[in-house]
Amino acid sequence: MKCILDALHDGRLIELPDNHKNRALEYLATLIEAIPDLGEEGGITEKVLAREAAHNTGIGKGWACPHARSHGHGDIVCSLGWSPAGIDYGSPDGEPVHMVVLYFVPETQKNSYLKEISSLARAIQVQPAMQDLKSLTDLGEVRHNLLDAISVALEATAPEAKARMIQLEVRHAAAAADATAGAPPLSIDLARISAFVSILSIPGAKPIVLSQDRDLVTALEAAPNLISQLAEKSRAEHQGLHVLLRSVSHYQPDRVVYECFAVRS
């Protein structure tokens, strides 16, 4: 599902402002047409609507995957639209569509497109996180759900695909931390991603760091103000380590688990 990862990285996931099927497709086609150096001068909206009129692309479980083809060359690209209320799409299972993935497919990439769409369809069928998009409340939640689901789907695939997904998450975690802290962009060498880290915060006690890396655990449990930095800035630094916040979970009574990336300088 490389195309979806690329779309998430490049900001082509949007909350659809309209729940009318054709207008939703027009919004997503416009995102594709705005991609620099696409090699296609307009006409994508018309192609998508014409193909959709001939063949409904709802695949069930709240998903639809329309596409437009081109006689040109280049890579497959896609845009993603989330509809909280759902779109009456005419899907085979009769369910509203909450996620529309619109693909643009050059003629030379037909086989790659078939692999992409088949892997996506398999993931949708077996992963609850990809079937429950209607319960989510904002676009950030949707994005995290998609990344988590893609992570599971890539477990059995090429290592480089899994690494790409992790790098994407780290980039977004770093950008979110910069925005929270109001700081200049943090320069991170993605080749130095060390580990996923869980940090348990209990009032009145030292933080408990959970990781397979013993040295990392020792270093972070000795770090001063680790929890306050994560809570206030979504990132912390200690002895050449950058800790980037991925997500936060709250438990009773007053316990917080910070899921993070650790990146070495």
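**View 1. Helix 2 from end to end.** Helix 2 (residues 21-33) runs for 13 residues and spans 19 Å from its first C-alpha to its last, close to the 18 Å expected at 1.5 Å a residue. That expected span is 1.5 Å times one less than the number of residues. Helices here are DSSP runs of H or I, at least four residues, and strands are runs of E, at least two, numbered from the N terminus. The model is predicted: local features need pLDDT of at least 70, side-chain atom pairs count only at pLDDT 80 or more, and totals for chains, interfaces and linings use all residues. Residues are numbered from 1 along each chain as its sequence is written, and side-chain values use heavy atoms, with hydrogens and water left out.

**View 2. The buried face of helix 2.** Lys-21, Ala-24, Leu-25, Leu-28, Ala-29 and Ile-32 are buried in helix 2 (under 20% relative accessible area, with a 1.4 Å probe and protein chains only). Looking down the axis of helix 2, these buried residues fall within an arc of 135°, so they line one face; the arc is taken from the directions from the helix axis to the C-beta atoms. They pack against strand 1 (13-15), helix 3, strand 5 (77-87) and strand 6 (97-106).

**View 3. Glu-52 and its neighbours.** Glu-52 sits in helix 3 (residues 44-54). Its relative accessibility is 7%, so Glu-52 counts as buried. Leaving out residues up to four places away in sequence, Glu-52 touches Lys-21, Leu-25, Thr-57, Pro-66 and Tyr-89, where touching means heavy atoms within 4.5 Å.

**View 4. Buried residues of helix 7.** In helix 7 (residues 214-221), Leu-216, Val-217, Ala-219 and Leu-220 are buried.

Note on methods: Buried means under 20% relative accessible area, exposed over 50%, partly exposed in between (1.4 Å probe, protein chains only).
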